[in-house]
Amino acid sequence: MNKPEIRKFDNLSNGKDVEAIKRSFNTHLKYTLAKRPMRATEMDLYKSLALVVRDHLVEQWIETKKSQYDSDVKRVNYLSMEYLVGRVLTQNMVNLGLQDQISQAVRDLGYRLEDLEETEIEAGLGNGGLGRLASCFLESMATLDLPANGYGMRYEFGIFHQHFHDGYQVEDADNWLRQTNPWEIPRPEHLHPIKFYGRVKHTTHPDGTETYDWVDTHDNVMAMAYDILIPGYKTGTVNSLRLWGARSTREFDFQYFNEGDYIQAVSHKQESETISKVLYPNDKSIQGRKLRLKQEYFFVSASLQDIVARYKYSHSGFDQLSEKVAIQLNDTHPSLAIPELMRILVDVERLPWDKAWDITVKTMAYTNHTVLPEALEKWSVELLGHVLPRHLQIIFEINRRFLNQVSLRFPDDKKRLGRMSIIEEGETKFVRMHNLALIGSHAVNGVAALHTEILKKNLFADFHEMYPDRIQNKTNGITQRIWLNECNPKLSALITEHIGEDWVKDLAQMQKILPLAEDPEFCRRWSEIKLHNKKRLAGFISRTLGIEVNPESLFDVQIKRIHEYKRQLLNILHVIVLYSRIKKNPTGDYLPRTVIFSGKAAPGYAMAKLIIKLINSVAKTINQDAEIGDRLRVVFLPNYSVSLAEKIIPAANLSQQTSTAGMEASGTGNMKLALNGALTIGTLDGANVEILEEVGKENIYIFGLTTEEVQKNKQNGYRPKEIYLANRELKQAIDMVQEGLFCPESPDVFHPIVDSLLNQGDRFMVLADFESYCDTQKKIEEEFRDADLWVKKSIINSARMGKFSSDRTIREYARDIWKVEPHPVKSET
């Protein structure tokens, strides 16, 4: 039989000119989507353009993977339950260096690129800062030419779509895949079985060795891979984000079908595939907790099977696993990767326990993102043992061996054993996933200097004493390619005009604009761009909410997840004070202010949802009061997302970062807003501390208690009611909420908020920081009136954000934790 002729087809390297892009666009529209131009919808046009861009990504991705395999490089495998990628059409065009050609091609075809960009539906793969950080990190890894793979879940419905009814948050399904996703590449050949339940079979062999097999499992599912390609900025490297979708092991039960039970015939398929339906199912019920546990195991098992299979393709033994594979656990959600890797090495590959454990610890690293005890994930022993019986056995054995080491190091210290144990004793026993991650990782990092010190001195003090070199800091960062170059094009162009474009890959170059803060013409243009962005946002607010805001006013922005520790309450109580001042003296000279909120509350978080209701009720009262006019406006933009943030951030004058000191791990919104020239009002918490160090105390507005002062107040018996009684304006504001002024149809609705502040200890120190917050806001108003002073401070904030690039963060991870070197790919395009 003759061998088939091998033909070398032209690649796309000759297809980057405008005419080639137009031909490719029309080809995809006709042959991929089967549409004529006159019948094509806006979504069809967007998909055709996305597929044109994807073609170029695929070509570079194939070269990247070939080069990485041929060189047998060490790879990073980043495991995260969330990726908040946003709209990627523009990002991919820019990173590939195709934006100008595509813009011209689209114009020639008679379409507007801006319309097609707005048509893209954001992927529902994340909720907030954790997912956005993971997305920034993947982009930086590719830009820095690091061999890397992201792993996550292909949620069918994402978190939820938020809208408001009578001021309350209402959650609708975010069916983001309803129009399909042109960026994903299905990989049905990468299918991994995921097992649940069953029992463990223990066998003692004639030679004395013992083996364990997980048998009689049921409700098993298959994990199918979907790849999204992640290009670096103007490099040859294109890495992958591999997402797992749940597929039933049985698509259709013919026995039930033949018996006429058509619903039961497909019920197993529907139940199995629930695992990848929704991000973070509500875990208030036992069914919700079980689904979430299965979801986390599904994710890590598929990822670990995939990683091991890839390693075994090029290696015959496991001695080199930690030299070729680095696994980063992004928070505690993927912590089951530790016992899962042990199960694979011990039960499947039959490695001795000690060798398997050594490999596992050297391979794993863990990032902690919270210091709030209630946010540290744990599972009941009963539930975990029921769903994953072999993994509970492995965890018990890890714990037994570890506690033996602790006992040798710290003899006769039972309290320490209790604190460091993976198992939390009590009426209900729990598995502490953060302790498991700490014990099973060779490196553990916090995400800001203050956060890391809190981990070492407080939360993980015992572990730090046991392993003094294990916990380290890696301050978070953001990618300037998205959070300035893409979202604020006019400001980016101004910066590039004066210092060149090197800052796009090296944010430290932004220091070069510092002298321009003294240049009147540069300052004038900087201010004009800010006003342009504010007018654009004002138009969006008008179209979205029907509220007119004054673009000349101070745009005071708080955009983040709604949580008590983030203290949106501090902001809205101050708004009520401002409102009361105007009502008391309508002819006074007040600085016009537009207060902008956006963010989602977890569906099961009743207090956070009530805070949203309060903000919307106060906003309605103020915005409908003709006497107030545009001197004070309050808006809550629904359904916070990456694309919405890209509209708000370039327009912000003031960035609210007001978490209780010692409770925010890092934050990245503070970095994005400062990079775009907003000034920060914040506590000495998270990355605010490092922003202060970079920009200088005269260019940031710090207020409130320090971490130490918060703890001291609590230890000395904090009495918020005394503060309430002593501060006339604060008392009036709280009384207005208590008396139902902002919700007369249901005057008692906000009593739980008032009760939490006055009678339940004000856990997050809202009242303790209120006076300092208000005094700082007065200073802000005075300085905002001095336009020359404000623009100078704005420029300084942008110029000194070099430290907060995710490129710097990723270089530190690669150097200190992963031990991974850049592997540039020579692009043939």
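Helix H20 and its surroundings

Q: Where on H20 do its buried residues lie?
A: Buried means under 20% relative accessible area (exposed is over 50%, partly exposed in between; 1.4 Å probe, protein chains only). In H20 (489-499), Leu 491, Ser 492, Leu 494, Ile 495 and Ile 499 are buried. Seen down the helix axis, by the directions to the C-beta atoms, they fall within an arc of 160°, so they line one face of the helix.

Q: Which helices are among those that cover the buried residues of H20?
A: Cover here rests on contact, meaning heavy atoms within 4.5 Å. The cover includes H19 (480-486) and H21 (520-545).

Q: Which residues lie nearest the centre of the second largest pocket?
A: A pocket is an open set of points on a 1 Å grid over the protein atoms alone, with protein on both sides within 12 Å along at least five of seven lines; lining residues have an atom within 4 Å of a point. This one holds about 1,300 Å³, and H19, H20 and H21 are among the elements that give two or more residues to its lining. Of its 42 lining residues, those nearest the centre are Thr 90, Gln 99, Glu 117, Glu 486 and Pro 489.

Q: How many residues of H9 are buried?
A: H9 (286-314) has 29 residues and reaches 43 Å from first C-alpha to last. That is close to the expected 42 Å, which is 1.5 Å times one less than its number of residues. H9 is largely enclosed by the rest of the structure, because its buried residues number 21 of 29.

Q: Is Glu 184 buried or exposed?
A: Glu 184 lies in strand S5 (184-194). Beyond four places in sequence, it touches Arg 54, Arg 154, Leu 177, Tyr 226, Asp 227 and Ile 228. Its relative accessible area is 10%, so Glu 184 is buried.

Q: Over which residues does pLDDT stay under 50?
A: pLDDT is the predictor's confidence in each residue, from 0 to 100. The chain's mean is 94. Where pLDDT is low, predicted coordinates should not be read in detail. The stretch under 50, with zero contacts beyond four places in sequence, is residues 3-10.

How values were computed
Residues numbered from 1 in each chain as written. Predicted model: local features only at pLDDT ≥ 70, side-chain atom pairs only at ≥ 80, totals over all residues. Heavy atoms only, no water. Helix = DSSP H or I, 4+ residues; strand = E, 2+ residues; numbered from the N terminus. 1 Å grid on protein atoms, 1.4 Å probe; cavity = no way out; pocket = protein on both sides within 12 Å on 5 of 7 lines; lining within 4 Å. Points joined across faces, edges and corners; volume = space filled by probe spheres on them.
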